[in-house]
Amino acid sequence: MKSVIPLFLLTVSAAAQDFTDIHIDRVATGLVFAEGPVWSREGYLIFSDTPSNRILQFSFGEPASLYREKSNGASGNALDAQGRLYTCETHSRRVTRTDKKGKIEVLAERWQGKRLNAPNDIVVRKDGETYFTDPAFGNQQDSRDLDFYGVFHISRRGEIEVVAKPKGRPNGIALAPSGRILYVTNSDDRNVRAYDLDKNGAASNERVVVPHIEGIPDGIRVDENGNLYVAATNVEVYTPEGKQLGSVHLTETPSNCAFGDADFESLYITARTSVYRVRLKVKGSVQY
């Protein structure tokens, strides 16, 4: 289902990208809790409907259709340069990769012999270095084996290491256009943290770049200029230095977002029961 939603507001500062004369489309609805959007270069959006245990796909102008059923509670999704799909499976507590033929490979399931909490969101650098968050929300807290919430790195060789063990729960994750800065939202601390990455994918220099976000920050994406788009009470837009540029207001709370369409100038926003599309005048940063 696609419909234009008039209750849309985007406020920006004078120094921000010009977002005037734009509107929002609701391009899919009837979902339980939409999450994990990522745009495939084959011309469609992939996203999760986590409680219904499905991954869906959407092409503009057509109804959303089933991409995968029995998804093990899929949440965050990402694609690599080869078009392979990386998925955080919250029910099976693992990270998987699906190749172009549909073969599923488990990339991460345990840390030092203990099961992961519930992998939530994921990003893949152009060279294959992979990063994911591992919080625990709701009843996931009751089945934890690990005594920490983690941000993890999977190297190109398949080795798993801990990037960070924050006290609050890490959630969304994204990379700067250069691939040399990793951004992670923290839902409890209500901030965005950054880490410098070297050529081998190792992280250092943890710091807070966006403090005191209104609401609970969830997914995060980056545009070609390095600006951050954070799904919280609204979709908040910040410079790489943390200065707020604007705010996208929807009629329901957003959970995540991703740039898409052939020119990567559309921002697709998952927001609980629906997926929305906003045409912008800036391209998203894409690692694949």
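**Pockets, cavities, cores and strands**

Biologist: How many residues of the lining of the second largest pocket are charged?

Modeller: Asp, Glu, Lys and Arg count as charged; Ala, Val, Leu, Ile, Met, Phe, Trp, Tyr, Cys and Pro as nonpolar; and the others, with Gly among them, as polar. In the lining of the second largest pocket, five residues are nonpolar and five are polar. The charged residues of this lining number eight.

Biologist: What kind of model is this, and where does the residue numbering start?

Modeller: This is a predicted model, in which local features need pLDDT of at least 70 and side-chain atom pairs count only at pLDDT 80 or more, while totals for chains, interfaces and linings use all residues. Side-chain values use heavy atoms, with hydrogens and water left out, and residues are numbered along each chain as its sequence is written, starting from 1.

Biologist: What is the volume of the second largest pocket, and which strand gives the largest share of its lining?

Modeller: A pocket is an open set of points on a 1 Å grid over the protein atoms alone, with protein on both sides within 12 Å along at least five of seven lines; a cavity is a set where a 1.4 Å probe fits but cannot get out, and lining residues have an atom within 4 Å of a point. Points are joined across faces, edges and corners, and a volume is the space filled by probe spheres set on them, which for the second largest pocket is about 250 Å³. Of its 18 lining residues, the closest to the centre are Arg84, Tyr86, Arg97, Gly128 and Arg156. Strands are DSSP runs (E, at least two residues; helices are H or I, at least four) numbered from the N terminus, and the largest share of this lining, three residues, comes from strand β11 (residues 104–108).

Biologist: How many residues in the lining of the largest pocket are polar?

Modeller: The largest pocket holds about 530 Å³ of space. It is lined by 22 residues, of which Phe33, Thr50, Asn120, Phe137 and Gln140 are the closest to its centre. Eight of the lining residues are nonpolar and three are charged, and the polar ones number eleven.

Biologist: What is the volume of the largest cavity, and how many of its lining residues are nonpolar?

Modeller: There are three cavities of 30 Å³ or more, and the largest has a volume of about 300 Å³. It is lined by 21 residues, and those closest to its centre are Val123, Arg221, Ser285, Val286 and Tyr288. Strands that supply at least two lining residues each include β4 (34–40), β8 (74–79) and β18 (170–175). Three of the lining residues are polar and one is charged, while the nonpolar count is 17.

Biologist: Which elements give two or more residues to the lining of the second largest cavity?

Modeller: The second largest cavity has a volume of about 30 Å³. Its lining includes Val151, Pro166, Thr185, Asn191 and Arg193. The elements that give two or more residues are β19 (181–186) and β20 (191–197).

Biologist: Which residues of the largest nonpolar core touch the most other members?

Modeller: A nonpolar core is a set of buried Ala, Val, Leu, Ile, Met, Phe, Trp, Tyr and Cys residues joined through side-chain atoms within 4.5 Å. Buried means under 20% relative accessible area, exposed over 50%, and partly exposed in between, with a 1.4 Å probe and protein chains only. The largest core has 37 residues, and those touching the most other members are Phe47, Tyr229, Leu267, Ile269 and Val275.

Biologist: Which strands are the edges of the open sheet of four strands?

Modeller: Two strands pair if DSSP finds at least two bridges between them. The order in this sheet is β14-β15-β16-β17, with antiparallel pairing. Each edge strand pairs on one side only, and the two are β14 (122–124) and β17 (160–164).

Biologist: Which residue in the turn of the hairpin of β6 and β7 has a positive phi?

Modeller: Strands β6 (residues 54–58) and β7 (residues 65–69) run antiparallel and are joined by four bridges. Arg54 has Glu69 of β7 as its bridge partner. Six residues lie between the two strands, and the turn residue with a positive phi, about 95°, is Gly61.

Biologist: What is the relative accessible area of Asn72?

Modeller: Asn72 lies in the loop between β7 and β8. Its phi is near 60°, a positive value in a residue other than glycine. Asn72 counts as partly exposed, because its relative accessible area is 28%.
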